[in-house]
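Have a look at the fold, then read on.

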Amino acid sequence: MLTSKMANTCFALIFISTLFLIGSCSDDNSNDSLVNDQYLLIPDNHFEQILIDQGVDTDGTVNRQMLREDAEQVQRLDLNLHSHFGEIEDLTGIEGFTNITFLSAVGQNLEDIDLSSNTKLDTLYLQNNYLTTMDISNNVNLMVIEVLVNELHTITGLEHASQLKKLNVSYNYFEDFSITNASIEHLLMSDNLLTSFDSTGAPNLKSILLTTNQLSSVDLSSNPFLETVVIFNNSLDHINLENNPNLMYFYASSNALTSLNVSQNSSLIDLRVDRNPDLSCIKIQGGQEIPTVSLSEYQELNEVCE
């Protein structure tokens, strides 16, 4: 039977042991926190190897992590300078590159990407991947976005990119597209599945590429600064160009146009509307000269079209 003194001693030992265990757990948590603060997780070995090859990951070892301070020193990250095309599947860790203004990861195996922490980005090249959606709501400084040849059907946050000049989403899976962005000047959307296209919210567009889609009509009346419209190989049966006085290049071959009036487009220097079976007369203004014209044998330019 324990004496009172022995019981007190046992209680003291248990109490001290408990404090020691609590202290040890607390130290472990502190160490884990320290590791998380100091290091980024880089689970993709190919991504980390490129960072090592470029001298970004300074520990020089593929160990699924790198120093955060190394990532924060980088302003330009080009993952295409090496022979690792088609190998990167995961860009986890990119969130630590908070100071990059340029990112290129072309021809990889990316299915998704989170750029919400890369708020200084102004140039983004992600073509030839497998992206299905993108969110650039936090990337307000983007000026150039090249994401052609992916599997995209939506991009969220374009309206926040107030510096955007060029967007290339050709060879994707967009079925309808509407953009509200006052800064964009060049929009490339060839080889999608577009049946609906709305550019009324992009008044400063200078060029549009919409070839090989399924469009039957487009309204360009809200885009007075357009200089180039390339829209061949669709199902267009009409288009109004009266509000596009700066138009210089208009390519609408292989459509279903039944009439076309370019008499208000005095800046036009290249007109290509061949292979529109029901379009025989293209109306021009008296004395209007268009240096380059491509017509089918059954078509003509005339001041009067019935």
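Predicted model: local features only at pLDDT ≥ 70, side-chain atom pairs only at ≥ 80, totals over all residues.

## The overall picture

Residues are numbered from 1 along each chain as its sequence is written, and side-chain values use heavy atoms, with hydrogens and water left out.

Of the 306 residues, 41% count as buried (under 20% relative accessible area; exposed is over 50%, partly exposed is in between, using a 1.4 Å probe and protein chains only).

## The core

The largest nonpolar core has 71 residues, and Phe-97, Ile-155, Leu-167, Phe-177, Phe-197, Phe-250 and Leu-260 touch the most other members. Such a core is a set of buried Ala, Val, Leu, Ile, Met, Phe, Trp, Tyr and Cys residues joined through side-chain atoms within 4.5 Å.

Pick out Leu-260 and you'll find, among its contacts beyond four places in sequence, Ile-239, Leu-241, Phe-250 and Leu-271 (contact means heavy atoms within 4.5 Å).

## A buried loop residue

Ala-202 sits in the loop between strand E12 (196-201) and strand E13 (207-209). Buried or exposed? Ala-202 is buried, because its relative accessibility is 0%. Leaving aside residues up to four places away in sequence, Ala-202 touches Ile-179, Asn-181, Ile-184 and Asn-223. Ala-202 and Glu-159 are 43 residues apart in sequence, with 9.8 Å between their C-alpha atoms.

## Salt bridges

There are four salt bridges, each a side-chain nitrogen of Lys or Arg within 4 Å of a carboxyl oxygen of Asp or Glu. One of them pairs Lys-166 with Glu-146 (2.8 Å, N to O). Lys-166 is in strand E9 (residues 166-168) and Glu-146 in strand E7 (residues 144-146), so this pair ties together parts 20 residues apart in sequence. Lys-166 is partly exposed at 28%, while Glu-146 is buried at 8%.

Arg-272 and Asp-270 make another (3.0 Å, N to O); Arg-272 is partly exposed at 34% and Asp-270 buried at 6%.

Conventions: Helix = DSSP H or I, 4+ residues; strand = E, 2+ residues; numbered from the N terminus.
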